[in-house]
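Subject: Handover of a structural model

Dear colleague,

Please find below the structure that I am handing over to you. I would be grateful if you kept it open while reading the notes.

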Amino acid sequence: MALLHILTLDAYESALRRPSRPLDGVNQRTRTLLDDMYETMREANGVGLAAPQVGVLRRAVVIDVGDGRIDLVNPVITATEGEQEDREGCLSLPDECGIVKRPMKVTVQALDRNGEPFTLTGEGLLARALCHEIDHLDGVLYVDKASRMLTPEELEELESE
Ligand code: NI
């Protein structure tokens, strides 16, 4: 595995704002990308990472909200339910945090790391992570949807928690 460079918004016209293309299938190269993304995400203490964040405009996502690793290739949200409003951050926008409304429950269809289709339903933080990462594949960032950003004082308070 290898650590990859996470793009930040400093490069505003970067991959982060462009739509990613679906993968034709899953091969060893895809698995290596997913492995490198997972290692990179863990190193950065994140709970999710999308391929465009490391400069690869492909629809691949890794998530781990503490219940184990989930690899998603070509993920599509097929159903949503309810609503939640909470803090949200992004490894591509370091030292920032916003309040974002998301569905409470999300169902996603995707391919796994072996190219097998699967369906996943996530609630709470997992639902939030699924929405956030799949947005990345369309060049959408949480700041586009945030009702407000946290103030420096609020961020400081967060860090001391
Ligand atoms: Ni993000």
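Predicted model: local features only at pLDDT ≥ 70, side-chain atom pairs only at ≥ 80, totals over all residues.

Residues are numbered from 1 along each chain as its sequence is written, and side-chain values use heavy atoms, with hydrogens and water left out.

Metal site

The nickel ion is coordinated by Cys90 through SG and by His132 and His136 through NE2, at 2.1 to 2.2 Å. Donors here are N, O and S atoms within 2.8 Å of the metal (3.2 Å for Na, K and Ca); water is not among the atoms, so sites may look incomplete. The donor residues follow the sequence spacing C-x41-H-x3-H. Cys90 belongs to the loop between strand 4 and strand 5 (98–102), whereas His136 belongs to helix 2, so this pair ties together parts that are 46 residues apart in sequence. Helices (H or I, at least four residues) and strands (E, at least two) are DSSP runs, numbered from the N terminus. Cys90 is buried at 10% relative accessibility, and His136 is buried at 1%. In these notes buried means under 20% relative accessible area, exposed over 50%, and partly exposed in between (1.4 Å probe, protein chains only).

The largest pocket holds about 470 Å³ of space. Its lining comprises 19 residues, of which Asn45, Gly46, Val47, Gly89 and Cys90 are the closest to its centre. Strand 4 (84–88) and helix 2 (125–136) are the elements that give two or more residues to this lining, and helix 2 gives the most, with 5 residues. Sorted by class, the lining has 8 nonpolar, 5 polar and 6 charged residues.

The search ran on a 1 Å grid over the protein atoms alone: a pocket is an open set of points where a 1.4 Å probe fits, with protein on both sides within 12 Å along at least five of seven lines, and lining residues have an atom within 4 Å of a point. Grid points are joined across faces, edges and corners, and a volume is the space filled by probe spheres set on the points. For the classes, Ala, Val, Leu, Ile, Met, Phe, Trp, Tyr, Cys and Pro count as nonpolar, Asp, Glu, Lys and Arg as charged, and the others, Gly among them, as polar.

The second largest pocket has a volume of about 290 Å³. Among the residues that line it are Arg21, Asp24, Thr30 and Arg58. This lining has 3 nonpolar, 4 polar and 4 charged residues. Thr30 lies in helix 1 and is buried, with a relative accessible area of 4%. Beyond its neighbours within four places in sequence, Thr30 is in contact (heavy atoms within 4.5 Å) with Leu23, Gly25 and Val73.

Salt bridges

The whole structure contains 12 salt bridges, each being a side-chain nitrogen of Lys or Arg within 4 Å of a carboxyl oxygen of Asp or Glu.

- Arg42 pairs with Asp64, the closest N and O atoms being 3.6 Å apart. Arg42 lies in helix 1 (residues 28–43) and Asp64 in the loop between strand 2 (60–63) and strand 3 (70–81), so the pair ties together parts that are 22 residues apart in sequence. Arg42 is partly exposed at 47%, whereas Asp64 is buried at 10%.
- Asp71 pairs with Arg113, with the closest N and O atoms 2.9 Å apart. The pair links distant parts of the chain, 42 residues apart: Asp71 in strand 3, and Arg113 in the loop between strand 6 (105–111) and strand 7 (117–123). Asp71 is buried at 8%, and Arg113 is partly exposed at 26%.
- Arg148 and Glu154 meet at 3.0 Å, N to O. Arg148 is partly exposed at 40%, as is Glu154 at 27%.

Salt bridges with shared partners also join Glu88, Arg102, Arg128, Asp135 and Lys145 into one network.

Backbone angles

Asn45, in the loop between helix 1 and strand 1 (48–50), has a phi near 60°, a positive value in a residue other than glycine. Asn45 is exposed, with a relative accessible area of 70%. Asp95, in the loop between strand 4 and strand 5, has a positive phi of about 60° although it is not a glycine. Asp95 is exposed, with a relative accessible area of 68%.

Yours sincerely
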